Amino acid sequence: MKDEWLQRVLDELAQAWAVAIKDVRVYYLTAPMIMFGLLLPFFLFFSFSIKREVGAEVGIARLLALTTFFTASSAGPVIIPMERRTGTYDRLLAAPMSRITLLLGKTLVGAFFATMVSLVPLVVGLLFLQVTVADAGLLAICVVLASLAFSAFGLVFGSMPTSSATAVGSIMMPSTLVRWPLLFISGVFVPLTEMAPAAQMAAYLSPLTYAQDLMNHAVLGDGYLNRWLDLALLVVLLATFLLLAAWMHRRSRRLGY
Amino acid sequence: MTYAIEVENLTKVYGRPESGVLAVDHVSFEVRQGEVFGFLGPNGAGKTTTQRILTTLLDPTGGRVVIHGHDLARDAYPVKRRTGLVPEESNVYTELTAWDNLMFTARLYLVPRAERAARARGLLETFGLAEQRDVKVVNFSKGMRRRLSIAMAIIHRPTLLFLDEPTPGLDAQSTHAIRDLVRQMNVEGATIFLTTHQIEEANQMCDRVAIINHGQIAAIDTPERLKAAFSRVQSVEVALEPRERSEPSQEWGNALSALPGVKTVVKLGDKWRLYTDDPAALLPLLMRHAEGHGLRVVSLSTLLPSLEDVFLEITGQQVGTVHHETRGDGPRRRRAGGE
């Protein structure tokens, strides 16, 4: 019985991995992924950082938080509606794996894209801007964990009960409407230490705040909140977003989408 | 009797149960182990909805489904491992090659690593895609995509295969390959659930046929018994020509439909088909009518109902609004203004 259970877990992990690898191969060069996942975070960074006196380390920590947030959370709202339209999502739903396994596979895709994109500013910073990283191990954990959490966040939008005919743009719209306010209330552009108490309370509502704070711990060696609290909250957010996406899938199946 | 599928009071409402659209209305049926079961109905009848519930893509609003002895609501995993699904649209990954599509599906269905390549090669051979194994599917024709879609659905050797409208719009070669494969799988013991609105396909391939209309099962039986049961759609087919040289008249149809016992008259090329409850009584009347109107009977035959006749009768659609038709293996008819 125990062996059977263990085999099932291993099987499901292998299936999640197969879904992730397939998605990386199929979707890495699609226009919405390039636009929303690759270009947008860099545009945002330069829009808000040019002509402001920001140190290289602070800039890198900020850019890493932005890329993980936007790149990872773009995969779900792009890939799932595209697969629903082509009918390939049914292939995944009918396969012998749980919804959580499927969503885990999809989460890995967004996290993979985000991690890869994050490497670009990091490598540029390390090689050309003499950026020093206070805790490389923590930075690696932070980038991967934040990417996973934000990828799962994107899946929540991709899992909304909508018709299979719904266009990618119609899913991107609500996801953008939510992501942008979360960006502006977070501690990315205005550090938590400089915020008024009311703004600080609002910042705690944004998942990006904890990723930014953890990036600050990793790159600058100093953050506002406890690093363990940041880590724990990102894990909790990852699990919460996955469960929420799974619940939305169940609701879709009941409503008939 | 061993059943592959048992469906009891299956109901599906799209949207909220209290205000949604009823698509499947308390449907009950069984599919026997090892049979080819046709699920026949017009568009919007509830065929695909039923099939999506049976393949766990939708939750029913009510009722119960048991497949291979497992209640689908509680224990879908063992069912999914033994089930293959070929949806109406060929859902293949166009950015991947045929080979990569097959290998991905094999991994998804947990085909043992050592067997994946051999099975994929065998299926590519079977479906005539071996030479295109490394070609991206975006370059495939519709028929090739369909064949690949079916190969992906059976790479894990399912014992129950769902096919949703497998052949419409395909070339003869692809249609032939698909029908052959279904027969072969069935011979090897697989149960086939074929959803179709093509009556001739159901007639040729199915052991039993369920006719669904407006979300309810109208009849279930073998194609032959369904036809026999509907004696009221028997018909007499007659070809007439004038004894003296003149063009055949469209007015003949009105005169024939006025004959006692004739329910409907349909013109089929150079022939007329007269639907009646009693062909034997109609034959002498028809002969007398021809004699009296200076017509010669070129050919005359009585016909049992086709499955299409039965289907139209059951689903309440009118026969007789026909202008012409083509002839194949059995009688066919195209309704004016219909789909």
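Reader: How many residues of domain 1 of chain B are in contact with domain 2 of chain B?

Author: This is a predicted model, in which local features need pLDDT of at least 70 and side-chain atom pairs count only at pLDDT 80 or more, while totals for chains, interfaces and linings use all residues. Residues are numbered from 1 along each chain as its sequence is written, and chains are lettered from A and ligands numbered from 1 in the order in which they are written. Domain 1 covers 3–222 and domain 2 covers 230–314, with bounds from an automatic or database domain assignment. Counting residues as in contact if their C-beta atoms, placed from the backbone, lie within 7 Å, four residues of domain 2 of chain B meet a set from domain 1 of chain B that numbers eight.

Reader: Which element gives the largest share of that side of domain 1 of chain B?

Author: Helix H7 (199–205), strand E9 (208–213) and strand E10 (216–221) of chain B each give two or more residues; helices (H or I, at least four residues) and strands (E, at least two) are DSSP runs, numbered from the N terminus. The largest share, three residues, comes from H7(B).

Reader: Why is helix H3 of chain B described as largely enclosed?

Author: A residue is buried if 20 or more other C-beta atoms, placed from the backbone, lie within 10 Å of its own, exposed if 12 or fewer, and partly exposed in between. The buried residues of H3(B) include Ala98(B), Phe104(B) and Arg107(B). H3(B) is largely enclosed by the rest of the structure because, of its 11 residues (98–108), the number buried is nine.

Notes:
Contact = placed C-beta atoms within 7 Å.
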